[in-house]
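Subject: Structure handover

Dear colleague,

I am passing on the structure below, together with some notes on what was found in it. Please look through it before reading on.

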Amino acid sequence: MGSFWTYHQFSIVAFVVCLVLIALSNWRLLRRVGESARLIQWPRVSVLVPARDEEANIGDCVRSLLSQDYPDSEVIVLDDQSCDRTGEILAELASQDCRLRIIAGQALPAGWLGKHWACHQLVEAATG
């Protein structure tokens, strides 16, 4: 039983030594935050939202996206032939914020699924 405890203690010490070595190498090799290059220009980000008959949720969703403080972003919402007030809500929001673009969904081509087609249209319209 004595050799088991000796092996166990040796294993714990070896594990701790490995952790210390990893920590020291990270401390030495990883760049510091202050040493990293500053971004001259933020990359453009496009947030894409397919929507169909989302009257109850679309207002809160889009307002939440527009409240983000990223400096170069756009929000594009595809109104996929909604039958409710989704389009009206989006038009009102777009009149208040120029970062919001609304595109009308085109008819579904043969061989496409609805959500895939909506996302494809959004990607085609995105600039980010």
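**The strands around β2**

Strand β1 (residues 45-51) runs parallel to β2 and pairs with it over seven bridges, where two strands count as paired if DSSP finds at least two bridges between them. Please bear in mind that this is a predicted model, in which local features need pLDDT of at least 70 and side-chain atom pairs count only at pLDDT 80 or more, while totals for chains, interfaces and linings use all residues. Residues are numbered from 1 along each chain as its sequence is written, and side-chain values use heavy atoms, with hydrogens and water left out. Helices (H or I, at least four residues) and strands (E, at least two) are DSSP runs, numbered from the N terminus.

Within the pairing of these strands, Val47 stands opposite Val75 in β2. Between β1 and β2 the chain passes through helix α2 (residues 58-66), and this β-α-β crossover is right-handed, meaning that, with the strands pointing away from the viewer, the path from the first strand over the helix to the second runs clockwise. Strand β3 (residues 100-104) is also parallel to β2 and is joined to it by five bridges, with Asp79 opposite Ala104 in β3. Here too there is a right-handed β-α-β unit, made by β2, helix α3 (residues 86-96) and β3.

How many of the seven residues of strand β2 are buried? Seven of the seven residues in β2 (residues 73-79) are buried, so the strand is largely enclosed by the rest of the structure; buried means under 20% relative accessible area, exposed over 50%, and partly exposed in between (1.4 Å probe, protein chains only). In a regular strand the side chains alternate between the two faces of the sheet. In β2 both faces are covered, with Ser73, Val75, Val77 and Asp79 buried on one side and Glu74, Ile76 and Leu78 buried on the other.

**Glu74 and the cysteines**

Glu74, in strand β2, is buried with a relative accessible area of 4%. Its side chain makes a polar contact with the side chain of Arg44 (3.3 Å), a term that covers a pair of N or O atoms within 3.5 Å, where within protein one must be able to donate a hydrogen and the other to accept it, and residues adjacent in sequence count only if both atoms are side-chain atoms.

As for disulfides (pairs of cysteine sulfur atoms within 2.5 Å), the structure holds zero. The cysteine sulfur closest to that of Cys98 is in Cys61, 18 Å away and too far for a bond. Cys98 is exposed, at 77% relative accessible area, whereas Cys18 is partly exposed, at 44% relative accessibility.

With best wishes
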